[in-house]
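Could you take me around this structure in the viewer, one selection at a time? I would like to know what to pick next and what is there.

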Amino acid sequence: MLKGSLSHYSPLSQLMMSLLVVVGSFMLCMFAGSVLAYLIFDVNIFTDATSLDINGASVNISVLKFYQSIYSTGMFIIPPFIIAWLLNNKVLTYLFLDRKSSSSQYLLATLTIIAALPAINLLADINSHLQLPEFLSGVEEWMRHSEDQAEIITKKFLVMETPFDLLVNLILIAVIPALGEELLFRGVIQRIFSNMTKNVHWGIIITAFLFAALHMQFFGLIPRMAMGILFGYLLVWTKSLWVPILAHLINNGMAVCVSYFINKGKLPEDIEKFGGNDASIWISGFISMIILTLLLFSLYRSRERQSE
């Protein structure tokens, strides 16, 4: 019986096994997705890659969104359940999905992610001005090109004309990433690195770095890593993956909704850079960090009260 049979493996072996599961699941899902794309959209990416070229005039956004959902499912949602099944007899327990948090913890997590926005925008502004040494100028140029490409595809994805478009993007950009990325990074990888380093804090930091690096937007590395660290401590302090999933969902969902209402003329464009659109960025960022510290302290104390 394979269920739980690999629990005795070392953390390094568990990490390697997890990597194999992620790659295998991703490849199988992308193959299945290519077959479905041909049946649904009549698109064969092996003979007509222009439909996925974000710079091409014939790019099919529907196909891109379809592949994004397949990619996210194959890489983030399916693998954690397979890994948990191999490493533990209780899958939901391993993934911290069987424990419900109190309503106050969910509320604090919601307020925390909202309060963190100006601080995250401040970190993003600082990150955008960083430069690599001259001898790494080629690497920096490649990184900026990758950032520009990511920005192009994000803008194309966020074109929403109808409420149905909004719903699709909320599922694609908010629900699936919040569920999948938290399952893989906080549910699996953070546990493995915490066991490997025998230190929960190092487990959180290393996982947050990998979480940020995977997005391949290097001039947004620092704010994404900060978010990853925040999600990591939300899990450690509440012992429930549903709390960082909620926080992640709110963060991504707000970005989608704000973009939709800006396009509809219901909100001003500069609201996207809340706390980071002028010289007040440092003031708002500093205030944000103070409020964030108080909220995180309340969350930390809620853990103590819950264990009493």
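Start by selecting R186 and E182: these residues form a salt bridge, and their closest N and O atoms are 2.8 Å apart. The term here means a side-chain nitrogen of Lys or Arg within 4 Å of a carboxyl oxygen of Asp or Glu. Both residues sit in helix α7 (residues 163-197), four residues apart, about one turn of the helix. A search of the whole structure finds one salt bridge. Helices are DSSP runs (H or I, at least four residues), numbered from the N terminus.

Before moving on, a word on the source: this is a predicted model, in which local features need pLDDT of at least 70 and side-chain atom pairs count only at pLDDT 80 or more, while totals for chains, interfaces and linings use all residues. Residues are numbered from 1 along each chain as its sequence is written, and side-chain values use heavy atoms, with hydrogens and water left out.

Next, select K198, in the loop between α7 and α8. K198 is not a glycine, yet its phi is positive, about 55°. For another such backbone, go to F96, whose phi is near 60°; F96 lies in the loop between α3 (91-94) and α4 (103-115).

Now color helix α8 (residues 200-214) and helix α9 (residues 221-238). Their axes are 8 Å apart and the packing angle is about 140°. Axes are lines fitted to C-alpha atoms over the stretch in contact, and angles run from 0 to 180 degrees between N-to-C directions. α8 and α9 are therefore oblique to each other, the class left over once angles under 35 degrees (roughly parallel), over 145 (roughly antiparallel) and 65 to 115 (roughly perpendicular) are set aside. Show side chains to see the contact (heavy atoms within 4.5 Å): among the residues that meet are I204, I205 and F209 in α8 and M225, I229 and Y233 in α9.

Which helix gives the most to the nonpolar patch? Helix α1 (residues 11-41) does, with five residues.

Conventions:
Helices (H or I, at least four residues) and strands (E, at least two) are DSSP runs, numbered from the N terminus.
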